[in-house]
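This briefing is meant to be read beside the sequence and the model, one topic at a time.

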Amino acid sequence: MAYKNMIRAAISLYLLLGLSLLSVAYERNDMIRIGNLEVDPGKSKSGYLSVPEKDGISCFIPVTIINGSKKGKVLALVAGVHGYEYPPILALYQLKKKIDPQSLSGALILVHIANMHAFQKRIIYYNPDDWKNLNRVFPGNPQGSITQRIAHILTEEVIKKCDFLIDLHCGDGNEALIPYSYWMVNGDRKTDEISKKMVLAFGVKHIIIDKSRTKDIAHSKYLGNTAILHSKPAITTESGYLGKTDEESVIRNIKGILSVMKLFKMIEGEPEFVSHPVWIDHYEVIYSNLDGLFYPQTKMGYYVTKGERVGYIADYLGNVKEELRASFSGIVLYIINTPPINKGEPLFEVGRIKEK
Ligand SMILES: [Zn+2]
């Protein structure tokens, strides 16, 4: 009898220990609040962040919060900072259906279309209400124009509430662009290392090592840079081109996001790191000095050598006004592929491949 009691006691102790271990392993996630949306662990909710009205202009930002039942990290995914960049937008709507909050660890904040009026009006680069570029006005200003107010809401409600962020872009409606990502290095070793893992996990092989972003948190300019200056590791990705909605670009975005989620143990599986990254240690965006028509003479992904003619600008009467040449040898990351060009707008971006 004594022996049986001992076994019973041992079994109860084992069960007790086992259960307490389980409750540690499956610790419940916290409730998440973004704007007016409150999402309990194990639930998913979509709704709108509202950007308050000023001078008769307001807007809304559609978001989804998928709050995992298990504790973990919060990953923010932002699409539509530029409203004519479709594959990331489509990717997030697909992802929303794929992720089950019951089996998710941590949480996802999906910003479906950050720049709604640019999307609705099919406008490249700018918000048509104030003609500002959302990805140049961070951290934003609650008293500013609509684009500055959108940036402020994203800073307060998304950047400050996440642990990591991916700013998902692609070639705008006029940009022929190869897939590439920015690894923004700001000198903080821990943030830089995690961002590097994220960029490799995202799976796009051309990666710009970008040390050029400002460290001034009051004028952080870019969404991804703002996250990094708040010590939230972040990457900016580019996948898609020329306003297309091709499946390959959409899938590349989804695969990249799922791999980063695996990196952070939000879902099961191992991340698929880029096996042979092509690091780009210097890049240059060439801007137009003129209004007129741009004629590209090379293609996205082509290599150009220093001094090679990349394109030219003609005036509205058809006279060639300026020839553009590569200032160093490298790969054409993107090039404008539709005729209109305006002074101050980008023409092309060349990246120099880092020597091993
Ligand atoms: Zn963009």
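The lining of the largest cavity is made up of five nonpolar residues, one polar residue and one charged residue, where Ala, Val, Leu, Ile, Met, Phe, Trp, Tyr, Cys and Pro count as nonpolar, Asp, Glu, Lys and Arg as charged, and the others, Gly among them, as polar. The model is a predicted one, in which local features need pLDDT of at least 70 and side-chain atom pairs count only at pLDDT 80 or more, while totals for chains, interfaces and linings use all residues. Residues are numbered from 1 along each chain as its sequence is written, and side-chain values use heavy atoms, with hydrogens and water left out.

**Cavity**

- On a 1 Å grid over the protein atoms alone, a cavity is a set of points where a 1.4 Å probe fits but cannot get out, and its lining residues have an atom within 4 Å of a point.
- The largest cavity has a volume of about 30 Å³, the volume being the space filled by probe spheres set on the points, which are joined across faces, edges and corners.
- Its lining consists of E284, I286, A326, S327, F328, F348 and V350.
- At least two of the lining residues come from each of β12 (278–287) and β19 (346–353), strands being DSSP runs of E with at least two residues, numbered from the N terminus.

**Aromatic rings**

- The whole structure contains 10 aromatic pairs, in which rings of Phe, Tyr and Trp (its six-membered ring) have centres within 6.5 Å, with planes under 30 degrees apart called stacked, over 60 edge-to-face and the rest tilted.
- Y180 and Y182 make an edge-to-face pair, with 5.4 Å centre to centre and 65 degrees between the planes.
- Y295 and Y312 make a stacked pair, with 4.9 Å centre to centre and 15 degrees between the planes.
- Because Y295 lies in strand β13 (residues 292–296) and Y312 in strand β15 (residues 309–314), this pair ties together parts that are 17 residues apart in sequence.
- The charged end of R213 sits over the ring of Y182, 4.9 Å from its centre, and also over the ring of Y222, 4.2 Å from its centre; this requires CZ of Arg (or NZ of Lys) within 6 Å of the ring centre and within 35 degrees of the ring normal.

**Cysteines**

- The structure holds zero disulfides, a disulfide being a pair of cysteine sulfur atoms within 2.5 Å.
- C59 is in no disulfide, and the nearest cysteine sulfur, that of C162, is 20 Å away.

Definitions and conventions:
1 Å grid on protein atoms, 1.4 Å probe; cavity = no way out; pocket = protein on both sides within 12 Å on 5 of 7 lines; lining within 4 Å. Helix = DSSP H or I, 4+ residues; strand = E, 2+ residues; numbered from the N terminus.
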